[in-house]
Amino acid sequence: MTEFRQDPGSFRDPGGHVFWLNGLPYRSVTAVGRDDMELLRQSGLADELSAGGQLVPFSTDGAMPDGAMRLKLSPLPWISYPYEWCFEQLQDAATLTIDVMLAALAKGMMLKDASAFNVAWRGGRPIFLDHGSFTRYVAGRPWPAYRQFCEHFLAPLAVISRNDALLGMISRCFLDGLPLDLASQLLPWSSWLRPSLLIHIHLHAKMQRRFADSTRKSGGKSATMSINSLRAMLANLRAGVSAMRSPLPQSAWHDYYHDTNYNDQAFADKHRLVAKACGELAATARVIDLGANNGEFSRVAAEHAALVVAADMDHGAVAGLYRSIRGQADSRIYPLVQNLDNPTPGLGLFNTERQPFLERCRGDLAMGLALIHHLRIGSNWSLAHIVRLFAQCADSAIVEFVPKDDGQVQRLLRSRPDICPDWTLEQVCQAFAQSFSQCHVENIVESKRSIIFLKK
């Protein structure tokens, strides 16, 4: 039986849309987008970008029942969204978009869209996925996606860079991009002295307000821009993006493993136990590492699994992990910022355009190492909530139990009363037994901590 499903985030472009057929991704190309698609293919641009790892490869695959061209797309291992990326990930996605635009100009094409949602990841490298964004370049025409690029990339990067990494999540509220007038207000006065920010954000915002005036007369000459001026503007945008620096938050956890109750022997034994569990995985397995921190054990899982989603709420930890795999297309680790107390919800039209994190993070093994005591004691989750989280992520799990007399738990209890009488190894195992039929415990040597192995 043929299973067809249209991608809920692909419906705005009259030139085509993405759909899923028997679990594989395809793109339809209607009569509106056919000429642009033919130019993308015949100019050699698609082959050039695909060979360089900048564009998702595709091949023609017949026609749709309505006569539209059908393209078969190379599947992507994992889809995340800009509000789940660290600063450097958004920065690299912005640079990729400019580079794709410059390559398109060299072939007589340009991008009509510059949304951050047009970028996905292969390991530590961004990759452009919207084949419908390419259109023929018309001499003298300005870049139609200029404003979108500024709102999706330049403005968020500037606001984050000049303030705090936590503002990376602001795009959850602005799926169409951070409004430039708001970005202008959020930036300090010193940003007016930076030419790229002055031109592309502050003055750009003023120009938007001027032309948004409904009382202004319509008509007049259309704006024009020579191709050399367009290239110069793109180079200026790229330089402006590259010059920005992460605010380098004072992370509580990015150097967690240098400040724990583990001695060398205990830490080595924890590695052994995690590797033991991961060694039972199939080569195609997916691992969901919740509270991955700096990816210490995500790397262990990546030695055995095909894909490891490494999620942590700390921007500094995620940034450190991303920097360690940056540029490595063959990396199996996919870092993302994720707060389990407030995970990414479904967003967009009917809350279906962008999928919730907990719908995407389904795998073969879920890991929660030095995590569940934060959920129970730090965030007041019930044991039933914790069990539900791991049970819906995978059929197998490994979690670390940290007792109350551990220094890390004592830190959590230092400023609050102890309202968790159920926080014992025995009661935690009993709770997991409600959803997992197998529960095996191994103590970490030279430590009071334990690893719990769970299977349905």
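Predicted model: local features only at pLDDT ≥ 70, side-chain atom pairs only at ≥ 80, totals over all residues.
Residues are numbered from 1 along each chain as its sequence is written, and side-chain values use heavy atoms, with hydrogens and water left out.

Let me begin with the whole chain. The secondary structure comes to 15 helices and 16 strands, where helices (H or I, at least four residues) and strands (E, at least two) are DSSP runs numbered from the N terminus. The radius of gyration, taken over C-alpha atoms, is 24 Å, close to the 23 Å that the globule rule gives for 456 residues, so the protein is as compact as a globular protein of that length; the rule itself is 2.2 Å times the number of residues to the power 0.38. Along the principal axes, the C-alpha atoms fill a box of roughly 75 × 60 × 40 Å.

How much of the protein is buried? Of the 456 residues, 50% count as buried, and by that word I mean under 20% relative accessible area, with exposed meaning over 50% and partly exposed in between (1.4 Å probe, protein chains only). If we take contacts, meaning heavy atoms within 4.5 Å, with a separation of 6 or more, then residues 24 or more positions apart account for 70% of them.

Now to the interior. A nonpolar core is a set of buried Ala, Val, Leu, Ile, Met, Phe, Trp, Tyr and Cys residues joined through side-chain atoms within 4.5 Å. The largest one has 133 residues, and F134, W143, M367, F390 and F432 touch the most other members. Helix 3, residues 87-106, gives the most to this core, with 11 residues. Apart from it lies another core, of 5 residues, including L21 and Y26. To look at W143 in detail, and leaving aside residues up to four places away in sequence, its contacts include I98, M110, F149 and L237.

Let us turn to the loops, starting with D113, which sits between strand 6 (109-111) and strand 7 (119-122). D113 is partly exposed, with a relative accessible area of 23%. Which residue lies 32 positions from D113 in sequence but 5.0 Å away in space, C-alpha to C-alpha? That residue is A145, and A145 is also among the residues that D113 touches, together with N118, D130, S133 and Q148, again not counting residues up to four places away in sequence.

R141 belongs to the loop between strand 9 (134-136) and helix 4 (146-162), and at 35% relative accessibility R141 counts as partly exposed.

Finally, a point about backbone angles. Most residues other than glycine have a negative phi. A370, however, has a positive phi of about 55° although it is not a glycine, and E446 likewise has a positive phi, near 55°.
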